[in-house]
Amino acid sequence: MESNKKYWKGLEELHKEPAFVENSKNEFAEPLPLEEVLNEAGLSTVAPRRDFLKALGFGLGAVTLAACQSSPVQTSIPYLVKPEEVVPGIPNYYTSTYNGHGVLVKTREGRPIKIEGNPNCIISQGRVDAQTQASVLDLYDVSRLHDPVLNGQKASWQAVDQFVKSALSNAQAGGKNIRIVAKTINSPSTKAVIADFTAKFPNTKLVQVDPVSYTGIIQANQNSFGKAALPHYRFDLADVIVSFGADFLGTWISPVEFTRQYVSNRSWDALKTKKMSRHIQFESGMTLTGTNADARIAIKPSEEGIALLNLYTALGGAVSGGKTLANNAKADKAIMLAARELAAAKGRALVVSGSNDVSVQILVNSINSLLGSYGTTIDLDNASYQYAGNDAEFVELINEMKRGMVDAVFFINSNPAYDFVNPKEFTDALAKVKLRVSFADRKNETAAHCNVIAPANHYLEAWGDSNPLEGYYTLVQPTINPVYNTRTIEEGFLIWSDNAVKDYYQYVRNNWEKTVLAQTGKDWKGLLQTGSVSTGAKSGGAYAFNRELGSVAQTIVNKSNALAKGGDNVVELSLYQSVALRDGHNANNPWLQELPDPVSKVTWDNFVAINPIHAEKLGIVEFDLVTLKKGNLSITLPVLYQPGQAMGTVSVALGYGRTAAGKAGNEVGQNAYPFIDFVNGTFQGVAAVTLEKAGGARELAQTQTHHSFEGRNVVRETTLKDYLKDHYAGSGKKADHKKYDLWYDHENPGHNWVMAIDLNACTGCGACVVACNAENNIPVVGRDEVRRRREMHWIRIDRYYTFNEDGKTVTEEREIDDLKNMENVSVVHQPMLCQHCEHAPCETVCPVLATVHSTEGLNHMAYNRCVGTRYCANNCPYKVRRFNWFNYWNDSRFDNYMNNEFTQLVLNPDVTTRFRGVMEKCSMCIQRIQSGKLQAKLERRPVRDGEIQTACQQTCPGNAIIFGDVNDPKSAVAKALLSERTYYVLEEIGTQPGIGYQVKVRNTEAATAEA
Amino acid sequence: MSAHHESILREPLITGDNITYAKITNDVLDPVENKPNKAWWIGFTIAAIGALIWVVAVSYTFWTGIGAWGLNKTVGWAWDITGFVWWVGIGHAGTLISAILLLFRQNWRNSINRSAEAMTIFAVICAATYVVSHMGRPWLAYFCLPLPNQFGSLWVNFNSPLIWDVFAISTYFSVSLVFWYTGLLPDIASIRDRATGLRRRIYSILSFGWNGSVKTWQRFESVSLILAGVSTPLVLSVHTIVSMDFATSLEPGWHTTIFPPYFVAGAIFSGFAMVQTLLLVVRKVMGFENYITMFHIESMNKIILVTGSIVGVAYLTEFFIAWYSGSEYEQYTFLNRFIGPYWWAGCMMYGCNVLMTQLMWFKKIRTSIPASWALSIVVNIGMWFERFVIIVISLHRDYIPSSWAMFYPTVVDAAVFIGSIGVFFTLFLLFLRVLPAIAMAEVKLLLKGASHQAKKKLIAENKVDPEQVQYYKQSLVKFDSVPEAETV
């Protein structure tokens, strides 16, 4: 081909006419009329007056108009010089640690937006709980302090440092004590920093205190085996688990880990091997763990110790003081039967108690020792350092402060003015201390009484580490510059103690390189990538229990008698942590406030849980306000009917009633911490209180108000015995009947995304709900809107009670009303989300085709097209569609969520926020599917099974959710759906849901069931 | 339309002595040509306040979002669609009277068709306001129209009953409007002929140059017949399609094949009740007793009785089918209407619509004006509850018990509904002031054949059988409002 094509401009050029050739030599082919212009009117023109005025007028007007527009100030900086590791639109993941759990932090363009479990973490194994999921929102919390505070005034760090240093040297000079009050610290580097600090100021002592204390277990182990530590429990190795009030799936010590262990013995894989553990729960209030138990026996707090004594005796232990539970024949019998089952499973049995009473825990140790649990289901060599608080030390500190022996006190993650039993006593004592430093990230209840607030970095802004288990070390690494003017706690101590290393990053690194890295031969960079190091488990030693239990039994009996003193309107109160808020330190997190309590489904409040029959006897109706009184203490809370609550008892959640938590967390519920008793050296959450009607009522905001499934087969369950006889028991799948269909089938030629949810693996903890909130920018709507039944959660956990009376199960409303006993309930949790029906009822009714079917088996929602007729939601049999009643994410009336420029930074840029008037629902994390497919395409390979995980699946501690492509017969989900236990909710109405549930199996066959 | 002599056995459609064409014109145009009386002003003030409440309530909803209403995740429609269906139902009597009764040559319709048609149009307007205001994003309501757009194949969902609704309601509205206006032409011309100045100019334009020639009349008659033919299927189709909003869904309590006939019967039922409510008042206040007689009232009551009974049978059928279906969801839904938390709403529905209308079997009640009026109000209330029961009671407890919820209306819900009644009455009262409330031209057609005068004349001329005269006299005794018996 001719490479030098010639184009001619005209025939003159083509024919090379002489005139043209001549002219083409000049720069301009034709002469320019320059002269004319310059000589004539061009330059000598006088602008006429009118033209001048016109131009002037226009100019003035235009400038005025232009000045009227306030041009927006752009605060974003384009990546003119792009950081090498940041690609807009591609997330970066960093390893870090929250609360001892290894996590992966997803950042987009420098903003952390989502927390996921680190699969390398031996505790979480890639799964995290609701608190961890929600922790990213705290980073952008506007209620955090934006600057350090000195004597109530905003101050600079220099001023703060100067003030603290001089106060410290004064204290040192005066020979006064310096105290550091902290929630359990298991960070080796922090401990080293404090050690360095102590070296400089030898009067320093670290006092660890946890709002919800495990001192009882730690001291019992000291007493029984000479080792003051929390053991590492192994629920996965236990075939028979008996728990006395320990909510190990919800809040007790390490729920994520325990959930994984527990479920591993009960769900898919265990059932395949025809095995399932047996779980018996004795408790007063209905806990998350109680809802999952195979047998649950309601006992009063006063009966707990006696029950344990009886269990000990039944197992062959010799102790005086045991007596029958005269008023609770059912529990008495159940104890005997539980003893039989435990004895049959020696070495594979585990007894735990949620009590913080040293005596009770010593008794539990003795029982576990009888059962041969040490070295098998209880690992005391590889102890857990998740809690190390010592209650007595803290109480002693208050006495010290009262006596004026303390000149400086530091609070690390500790808020005694809120969570100590007697806040007044504490603040009065605190007033006598000269230097009071709080590291709280906000002006919380304690910080308000401090003269220095040195706001700490959020963990996503800080370096740090953690040693949650013996031999297991994890690293905290920052993923963003501090959002506000805050500083790492340890840096303060380094500066104040004039440490040689003032940069905490350097300090942590040095510390690791000196210790763990040197020990394991790993390097820092590798550590940053994996996030944790395990130095290997120590081999177990045998722990033999050989103590006399006489005094222990006596203490238990005395305490039981004290609790059960009886009297008019006296009830036994048991305090518990709610699964959502735990001890209340993150009360300002709206995701957690709006996470329904897994049992009561209440959001944004705590309440007095009472058995409906008991309430009826007291003449109390649900939501009535009642006052609980103990001495001078009283709190007034609404009543919640709680089936399964032991008669004569009430339960109240801790962690509420914050007064200085922030916009979202203030004045939510009432503070129940003062009801804790300090007895025999530990804080104990049980008390005898009087209950009185306070007059008036307050409606609780519940996401579910009907609590039984009316005998409908939306929930299907069976027993282990029936399941082993016939694997199809419960699912009814065998009776394969002919299917009729009005509609054409959709073709799903490529992928067909579906889900399998094992009801046996779901404990109902709600981590998925918060994970979904974070992933999909789901708005928080607040208490009033939840009361109006307008919460926006795309995934919810339906919780149904089945009442068992006289060997009959009762689920229908009218029959429930006639029940005489509401202690015997069994519970089922069912995650419910968009079922992505093949024949989706929502799709046919949408007038504008805003919700349509994809070729990959998904039900899409096009927000831009939606006009908001809500017809789809009405026609959805699963009621999973959520309507934006208001502009929740940007409306001043919903001020506890996103109505500020900081919190909006947490939004996932891959998911659009929805305007009011638009319907939304679970998309099966379409953005994750897309990015997974893109990644596979870039790498020119098919999508691998398990590569794409939905947010709910990713976080589920029980691994209850499996998502994948059913077109791939080898995929995990395809295999799971082939299970005999699979059924589809409402399959009979022909919607052809894309989510298959696996029938719940209960191991109720053993003798306790008949009790 | 027909001017032939009517049998003496039939009750007269126009009563009173000395009725002339001129008197009819004078009587009917009296409110149009004179200053309104105090009663009108009181009524109009109340109605206008209602309309204002509607404006405020709907504006507030538009400004803040549908959250201003009491709806929730489970109950996505409540007072909005209840109001919509209620108004559409009310809008059914007009076209039935103008079209179907015209085709069946029911001359008694001539006195009531004008007001009934006006009522239809205003009711459909009220219904249409709900269609738009219940949307989450009403500014995008045009998405529901199959308009050509720059998105290429982005079309509406022709599977969706809501789209059928859009077509059904808009067709019904436009045909009703044309039919009504065509009927108005000769009457507007009458006003024009009697008016002066600006009024004359306006009515002149509105009358489309009606000149009263034979040709004009002939064309008028043909157009009326054609439009009657066009409207007749619409009477049946509109509420059929509205019922399909529910019938084609999956919700127990909605998913019912009986809905189309049941809804159409219910619509005619409620439409006639509303005509009764309005005309009993208009007749009294405006002195139309000679044109809207007890015969009219009784005829309408009979229609109410028949359609009410049809509705009753439909209710029974629903219960039978729910039991017979063996579907627990279906059974629960119907049981829930009596034993659920909304049992009182269920009782209102069945009580008002079925039990109360059965009173119409008694001629005494049927021909009593106060009783008729009271019962018409009862039917209006009952039919509102019918829609509330179908919509809210079905939705609030459907398949998955965890989502069961209650619906509590807000002030805004109530304000929108009360406001829509205000809008309706504002329009109706304005109509009474500017257009003839009775189709004069059509009533005049009856004067020579079906009026009491004409019949009296026949009797006086001894052209009829005395036995029949006796029957005629007896039948007149039954009338309460016009003491005709003496005048024969």
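The points below describe a predicted model with two protein chains, A and B.

1. Overall form of chain A. Chain A contains 34 helices and 42 strands. Its radius of gyration is 33 Å, close to the 30 Å that the globule rule gives for 1011 residues, so chain A is as compact as a globular protein of that length. Along the principal axes, the C-alpha atoms of chain A fill a box of roughly 130 × 90 × 65 Å. Of the 1011 residues, 57% are buried. Among contacts in chain A with a separation of 6 or more, 74% are between residues 24 or more positions apart.

2. Overall form of chain B. Chain B has 18 helices and zero strands. The radius of gyration here is 24 Å, close to the 23 Å from the globule rule for 488 residues, so chain B is as compact as a globular protein of that length. Its C-alpha trace spans about 80 × 55 × 40 Å along the principal axes. Buried residues account for 51% of the 488 residues. Of the contacts in chain B between residues at least 6 apart in sequence, 83% join residues at least 24 apart.

3. Domains of chain A. The assignment gives domain 1 (149–212 + 389–534), domain 2 (215–239 + 247–313 + 324–384), domain 3 (567–702) and domain 4 (717–731 + 750–795 + 833–1002). The C-alpha centres of domain 1 and domain 2 of chain A are 35 Å apart. Contact between these two domains involves seven residues of domain 1 and six residues of domain 2. On the domain 1 side, the residues are two nonpolar, three polar and two charged.

4. Domains of chain B. Chain B is divided into domain 1 (1–18 + 451–488) and domain 2 (21–137 + 156–449). The centres of these two domains, taken over C-alpha atoms, are separated by 33 Å.

5. Contact between the chains. Chain A puts 43 residues into the contact and chain B puts in 36 residues. Strand E32 (796–805), helix H30 (841–845), helix H31 (871–874) and strand E37 (882–883) of chain A each supply at least two residues of the side that touches chain B. That side of chain A has 21 nonpolar, 11 polar and 11 charged residues.

6. Nonpolar core. The largest nonpolar core has 432 residues, and Leu363(A) and Val608(A) touch the most other members. The element that gives the most to this core is helix H9 (residues 259–286) of chain B, with 16 residues. Beyond its neighbours within four places in sequence, Val608(A) is in contact with residues including Val626(A), Leu628(A), Leu637(A) and Val652(A).

7. Ile610(A). This residue lies in strand E22 (residues 608–610) of chain A. Ile610(A) counts as buried because it has 27 C-beta neighbours inside 10 Å, where 20 or more is the cut-off. Leaving aside neighbours within four places in sequence, Ile610(A) is in contact with Ala615(A), Val639(A), Tyr641(A), Gln642(A), Gln645(A) and Val650(A). Val639(A) and Val650(A) are also among the contacts of Val608(A). Tyr576(A) is 34 residues from Ile610(A) in sequence and 14 Å from it in space, C-alpha to C-alpha.

8. Helices H10 and H11 of chain B. Helix H10 (residues 294–325) has 32 residues and reaches 46 Å from its first C-alpha to its last, close to the 46 Å expected at 1.5 Å a residue. Gly326(B) follows H10(B) and has a positive phi, near 75 degrees. Helix H11 (residues 328–339) has 12 residues and reaches 15 Å, close to the expected 16 Å. The buried residues of H11(B) are Tyr329(B), Tyr332(B), Thr333(B), Phe334(B), Asn336(B) and Arg337(B). Their cover includes H10, helix H12 (343–355) and helix H14 (369–396) of chain B.

9. Positive phi in chain A. Most residues other than glycine have a negative phi. Arg940(A) is not a glycine, yet its phi is positive, about 50 degrees. Arg940(A) is found in the loop between helix H32 (926–938) and helix H33 (951–955) of chain A. With 6 other C-beta atoms within 10 Å, Arg940(A) is exposed. Asn959(A) also has a positive phi, near 55 degrees. The loop that holds Asn959(A) runs between H33 and strand E39 (961–965) of chain A. Asn959(A) counts as buried, with 20 C-beta neighbours inside 10 Å.

Methods: Residues numbered from 1 in each chain as written. Chains lettered and ligands numbered in written order. Predicted model: local features only at pLDDT ≥ 70, side-chain atom pairs only at ≥ 80, totals over all residues. Helix = DSSP H or I, 4+ residues; strand = E, 2+ residues; numbered from the N terminus. Rg over C-alpha atoms; globule rule 2.2 N^0.38 Å. Buried ≥ 20, exposed ≤ 12 C-beta atoms within 10 Å, placed from the backbone. Core = buried A, V, L, I, M, F, W, Y, C linked by C-beta atoms within 7 Å. Expected span 1.5 Å × (residues − 1). Nonpolar A, V, L, I, M, F, W, Y, C, P; charged D, E, K, R; others polar. Domains from an automatic or database assignment.
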